[in-house]
Amino acid sequence: MIRHFDRPLFFCVLLLCGIGIAMTYSATFSTIALADYWQRQLVFTILGAIALVTAALFDYRHLELLAQPSYILLMASLLAVYLVGEVKSGAQRWLNLGVTDVQPTEAGKFLLIVFLAWYLSRFQDRIRRLPYLLGVIVLLLLPLGLVYVQPDLGMTVTLAFISGTLILISGVRLLHILLGLAAGAAAWPILRGTLQDYMVERIEIFLDPGSNPDAAFNVQQALISIGNGGWIGMGWAEGSQNQLHFLRVRHTDFIFSVMAEELGFIGTVMVLLLLFFVIWRLVRIADLAQDQFGRLITLGVAALIFFQTFVNVGMNLAILPVTGMTLPFLSYGGSSLVSMMVAVGLAQSVVMRHRKMDFA
Amino acid sequence: MDERTAHTATTTSIVVRLTLAATFFVFCFRLYSLQIVSGATYQEQAAVNRLREIDTYAPRGVIYDRNGEILARNRPSFVIAVTPADLPPDDLNTDIDEQRVALERLLAVLEANTDPEMAIRIAEVMFLHLGREDFRNTVESAGLSLSFRLVDLEVLKQDDEGREILEEVPTLIPDLSEPLPIGGLLALLERAVAIGTQGSSYKPISVLELVDRERAFQVAEETYQLRGVQVLQKPVREYPYRELAGHVLGFLGPIPKLAADNYTDRGYEDPNEPVGLNGLEYTYQDSLRGLPGKRLVEVDILGRESRTVNIVREPEPGLNLNLSLDIRLQEVMHNALARQLEETGAPHGVALAMDPRNGAMLGLVSLPSYDNNIFSEGLGEEYQALEVEDDTRRPLYNYAIGGLYPPGSTFKLVSATGALAENVITPYTTLVDRGPIFLPNFFFPDDPTQAQQFVSWNHKLNILHGSMTIVEGLGLSNDIFFYYLGGGYPDFMVGLGSERLAKWMRLFGYGELTGVDLPGEVQAFVPDEQWKRLTKAESWTTGDSYNMSIGQGDVLGTPMQVLVSTAVVANGGYVVKPQFVQETVDTQNRLQWQYEPEIGERLPVDPGLLAFVQKGMWHAVNGPYGTSIDSRVDGITVAGKTGTAEFCAYDPEIQDCTDRDHEGNLPFHAWYTAYAPYEDPEIVVTVFVYSGGEGSTVAIPVAQETLHAWFHDLRP
């Protein structure tokens with residue numbers, strides 16, 4: 001079983017984490033209040049690696065039993081947030097557990113992946129029939145709606161993307177897709193009215209940077225940082241945009257720009273290559289999976305990592321609007337890193353058990 | 001897995017992999033276009049972000065006296081400034097104005113709301129930035145009222161012929177002595193920042209100047225998190241001897257608006273750069289200034305310098321000036337003159353000392369003087385004037401070169417030399433003082449009642465000097481002798497007459513600037529026949545020659561000119577240019593420039609004849625009944641000449657001259673001019689006391705003490 005543990009995937013993930021620590025150091029060492037962040041990120045990486053291995057050792061097939069409780073837990077926590085959640089900077093996203101505040105949606109991604117993987121594999125043959133499709137969509141819209149009203153557009157879109165990917169992959173009839181699109185188009189005017197101001201503003205800034213110079217400032221500084229890198233970059237911990245703090249939120253949302261400035265085109269393409277290799281490897285695991293449940297779980301994980309990468313890099317490259325989404329394995333942040341490692345661990349769990357009988 | 005599912009799975013994995021590859025390549029393409037294609041543009045922008053060109057002050061040259069005493073130096077001082085470009089911009093989406101909040105916090109750190117003195121100082125700096133009009137408008141539009149003071153401001157205007165002339169215009173300027181409330185200061189600061197943003201928004205705008213080291217560090221700490229606030233170093237000029245050499249050294253101030261273009265042409269970029277506005281600081285401004293350096297520094301997003309990337313140009317320190325002035329002698333002269341002024345209540349006076357051999361100035365005192373340090377801490381032209389404007393004696397005025405007075409009997413040196421040189425008299429010609437002489441009226445020569453009476457000073461004391469040669473004439477300062485010599489007498493002798501008097505007056509340097517290296521020197525005309533006809537529409541009379549020969553009438557000169565004319569006698573007939581700065585040296589004390597004494601051609605007088613003028617001056621000090629025996633100095637032979645000059649300060653209100661005594665006589669200026677040693681002169685001293693009274697008794701002690709100090713106390 002251990003034989004099938006995907007070592008290239010594991011080492012690539014560790015390599016990305018290592019680069020993340022190095023870039024966190026570069027982005028924070030000169031700020032006294034943040035100077036120990038790279039050490040923290042190192043600890044998070046070790047914890048994440050342990051979590052990854054633990055998740056890999058855990059047989060993913062047991063998760064099938066937890067699918068329905070997962071959904072119930074997801075709904076319960078989201079309702080709790082809705083009713084008694086803590087409000088921070090205008091959004092009700094946190095639950096106060098006495099010890100610490102938690103954001104249920106962080107774990108909610110996994111709960112949803114597990115539940116959908118179970119549902120879609122359970123009704124694998126019937127998903128082409130409209131009632132089953134509508135069933136999953138209704139079950140999906142409930143948590144999405146609750147996340148949307150928090151408000152948390154980024155998470156809503158993330159969850160929708162993962163769910164949509166999984167549903168599409170399970171095989172949906174073209175007619176149903178078209179119907180879905182039509183329904184979406186019809187609902188758009190209503191949805192649009194419910195968009196929070198900050199969401200509209202971010203989109204406006206993206207479309208017309210001149211409308212708010214201060215907010216567009218950081219996007220512009222990110223572009224300057226990236227462009228400043230040139231072919232080989234300014235060298236690690238030498239980027240002027242980064243070191244002189246022209247780039248804001250550089251250790252989290254804009255760590256990609258830090259890399260681009262300090263490692264240059266060549267280094268950044270290498271890092272992108274690593275990231276996409278990880279996703280590629282996950283898709284390969286999905287192909288190898290011995291059952292549809294494992295396949296869907298792996299694809300859910302791949303979709304999650306891909307979507308976060310896509311949105312974060314797209315934002316850094318100014319081809320997508322600004323969202324507070326982190327770059328998997330590279331951005332500073334414990335919960336994000338550990339959850340990504342757990343996700344990879346789940347996929348490892350799938351690949352380790354892809355032979356029905358393992359005689360090795 | 002049935003076949004259809006398997007087929008779907010294959011399709012799916014192909015689609016997914018294609019999507020991945022496509023995304024990867026889109027990202028790489030975008031990266032390529034940003035980093036490689038547009039890389040240069042972004043690198044440039046990154047450089048603009050982080051690099052600033054900063055002017056570095058070149059230390060201004062130090063001024064030393066002849067013994068190496070420091071007369072002017074630079075004291076380190078700090079400036080609190082804001083850089084408009086680095087201030088947080090106003091986020092239009094919030095109700096608060098971020099920039100205003102930042103400026104408000106800065107004012108709070110500076111304690112402008114609690115410390116009235118701080119509020120006044122900030123308002124003063126803002127006044128400098130904004131100017132009168134803008135300052136007033138800004139404060140008033142903030143809903144505050146200002147009180148004003150009326151001062152006369154010099155304004156450049158064009159006269160009828162299109163020439164530029166300075167005109168004094170009474171102007172209201174804001175009274176800055178009352179602290180402004182914080183709202184007013186904030187409005188001013190915002191206005192200054194707004195103006196700064198229009199220009200180079202990376203240029204720091206000073207908020208508070210003349211901050212000492214301790215306070216500067218404190219502010220630096222407290223404002224560390226305030227974006228755009230900087231603490232800069234800026235030296236301030238210091239004059240350790242304060243008012244002792246105020247008129248010689250002058251002072252610094254921001255470039256005057258009237259001369260702004262001139263300074264711009266000379267390469268001055270900062271309109272508030274302190275430049276010399278008076279004295280040697282003005283004359284030698286370009287040498288003292290050096291050349292400000294330029295540094296390329298890297299700044300972080302808060303505008304703080306992190307390191308120097310490149311020194312574009314090293315600052316060239318200004319050159320040091322070595323003066324011939326002796327500050328110890330200056331002090332003696334200052335104290336003696338001040339004491340004499342105080343005793344007599346005379347409003348102002350001058351004491352000068354110079355080496356007659358080369359024109360090296362040893363001392364210049366013009367009282368009242370002023371402490372030039374107040375200008376280093378000052379407020380620009382308008383308020384500089386204000387500080388001392390209240391003093392009606394006009395301390396800013398350098399009377400030594402800016403005041404024109406009748407030279408009185410000191411002018412007899414000119415008429416005596418002229419008369420000898422032109423053979424009007426010989427050294428042995430005797431003329432007799434038999435009392436007042438009467439000059440027949442030109443139109444009624446036979447009517448003695450119309451004749452004009454000319455007296456000598458001694459007649460009032462019932463003394464007759466009897467017969468005398470030029471030596472006694474000078475020694476006793478007998479006026480009758482000089483009337484004859486200057487204007488002659490009908491049927492008795494031919495005098496010098498107006499043409500030759502004017503000629504010799506010019507030869508002695510009157511009517512021209514002495515050329516001393518100080519600004520503000522004035523020159524008088526030389527009265528002659530043509531001048532009188534043109535200005536007074538009258539013809540020259542013998543009486544005019546009489547008056548001219550004793551330095552009265554229309555003869556005018558500055559104390560500096562009297563000094564130079566004395567030097568001519570002392571050095572055997574050479575007009576020298578008075579000069580303070582003898583050499584300039586760089587910071588390594590290497591000689592950069594040395595003054596070559598400018599000595600005119602020898603006057604067309606035989607040295608043997610001039611010796612009799614010298615002898616006359618010797619007689620005044622050392623001879624029997626000499627006029628200035630009180631100026632003798634132990635062990636040194638002094639030669640001197642007194643002067644008492646009647647003057648009329650016309651007051652239009654009473655339509656007469658002021659300060660007449662009870663008999664209606666005009667008041668007198670007191671002069672004394674001397675040199676020593678008689679045998680080999682090395683110092684000339686001229687003392688002038690405005691309205692000092694008759695007989696030079698006020699002036700002589702000043703000269704005596706100066707000479708005594710020079711030959712005894714200050715000799716090594």
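In what order do the six strands of the open sheet in chain B run? In this predicted model, the order is S9-S3-S2-S14-S21-S22, and the pairing is mixed.

We turn next to the interface between the two chains. The size of an interface is often given as the accessible area lost when the parts come together. For chain A and chain B, the buried area is about 3,800 Å², with 70% of it on carbon and sulfur atoms. Chain A brings 46 residues to the contact, and chain B brings 35 residues.

Polar links also cross this interface. Seven residue pairs are found in polar contact between chain A and chain B, both residues being at pLDDT 80 or more. The count of salt bridges between the chains is one: the side chains of B:Arg17 and A:Asp287 meet at 2.6 Å, N to O.

On the side of chain A that touches chain B, the elements giving two or more residues are helices H9 (213–229), H10 (240–243), H11 (255–288) and H12 (292–316) of chain A. The largest share, 14 residues, comes from H11(A). By class, this side of chain A has 24 nonpolar, 16 polar and six charged residues.

Technical notes: Residues are numbered from 1 along each chain as its sequence is written. Chains are lettered from A and ligands numbered from 1 in the order in which they are written. Side-chain values use heavy atoms; hydrogens and water are left out. Contact means heavy atoms within 4.5 Å. Buried area is the accessible area (1.4 Å probe) that two parts lose on being put together, summed over both. A salt bridge is a side-chain nitrogen of Lys or Arg within 4 Å of a carboxyl oxygen of Asp or Glu. A polar contact is a pair of N or O atoms within 3.5 Å; within protein, one must be able to donate a hydrogen and the other to accept it, and residues adjacent in sequence count only if both atoms are side-chain atoms. Helices (H or I, at least four residues) and strands (E, at least two) are DSSP runs, numbered from the N terminus. Ala, Val, Leu, Ile, Met, Phe, Trp, Tyr, Cys and Pro count as nonpolar, Asp, Glu, Lys and Arg as charged, and the others, Gly among them, as polar. Two strands pair if DSSP finds at least two bridges between them.
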